[in-house]
Amino acid sequence: HKEALVATEQVKMAEAKLMQQELAKCYKDSGVNFVTDCKELAAEYMKHIEGLGVSRANLKPQDKVSWK
């Protein structure tokens, strides 16, 4: 059971890394318009990493993940 949970989290981390690369490309391609052009992708990425090791490692307990 624990192995399945670890495998699932590893898959989600790999997906998050791909999303992060896509988001970085969007930022680079959009230039000064990145906030509007990449907003949906950034929100999807933030939602995807919520609860993963990436999110937990970078946040304090009182922090809330959001993209506005």
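Colleague: How many disulfides does the count come to?
Modeller: This is a predicted model. A disulfide needs two cysteine sulfur atoms within 2.5 Å. The sulfur atoms of Cys26 and Cys38 are 2.0 Å apart. By this rule the count comes to 1 disulfide.

Colleague: Is the link of Cys26 and Cys38 left-handed or right-handed, and at how many degrees about the S-S bond?
Modeller: Cys26 and Cys38 form a disulfide. Their link is left-handed, and the angle about the S-S bond is -100 degrees.

Colleague: How many residues apart in sequence are the parts that the pair ties together?
Modeller: The link of Cys26 and Cys38 is left-handed. Cys26 lies in helix H1, residues 2–30, while Cys38 lies in the loop between helix H2 (34–37) and helix H3 (39–49). The pair therefore ties together parts that are, in sequence, apart by 12 residues.

Colleague: Is H1 roughly parallel or antiparallel to H3?
Modeller: The axes of H1 and H3 are 10 Å apart, at an angle of about 160 degrees. Angles over 145 count as roughly antiparallel. So H1 is, relative to H3, roughly antiparallel.

Colleague: Which residues of H3 make the contact with H1?
Modeller: H1 passes H3 in a left-handed crossing. The H1 side brings Lys12, Glu15, Ala16, Met19, Gln20, Glu22, Leu23, Cys26 and Tyr27. From H3 come Leu41, Ala42, Glu44, Tyr45, His48 and Ile49.

Colleague: How many residues of the contact of H1 with H3 are nonpolar?
Modeller: Leu23 of H1 and Leu41 of H3 are among the residues in the contact. The contact holds 4 charged and 2 polar residues, and its nonpolar residues number 9.

Colleague: How do the elements of the protein run from the N terminus on?
Modeller: The protein has 4 helices and 0 strands. From the N terminus on, the elements run α-α-α-α.

Colleague: What percentage of the 68 residues count as buried?
Modeller: The cut-off for buried is under 20% relative accessible area. Of the 68 residues of the protein, the part that counts as buried is 19%.

How values were computed: Residues are numbered from 1 along each chain as its sequence is written. This is a predicted model: local features need pLDDT of at least 70, side-chain atom pairs count only at pLDDT 80 or more; totals for chains, interfaces and linings use all residues. Side-chain values use heavy atoms; hydrogens and water are left out. Helices (H or I, at least four residues) and strands (E, at least two) are DSSP runs, numbered from the N terminus. Axes are lines fitted to C-alpha atoms, for helices over the stretch in contact, and angles run from 0 to 180 degrees between N-to-C directions. Angles under 35 degrees count as roughly parallel, over 145 as roughly antiparallel, 65 to 115 as roughly perpendicular and the rest as oblique. A crossing is left-handed if the near helix is turned anticlockwise from the far one by less than a right angle, and right-handed if clockwise. Contact means heavy atoms within 4.5 Å. Ala, Val, Leu, Ile, Met, Phe, Trp, Tyr, Cys and Pro count as nonpolar, Asp, Glu, Lys and Arg as charged, and the others, Gly among them, as polar. Buried means under 20% relative accessible area, exposed over 50%, partly exposed in between (1.4 Å probe, protein chains only).
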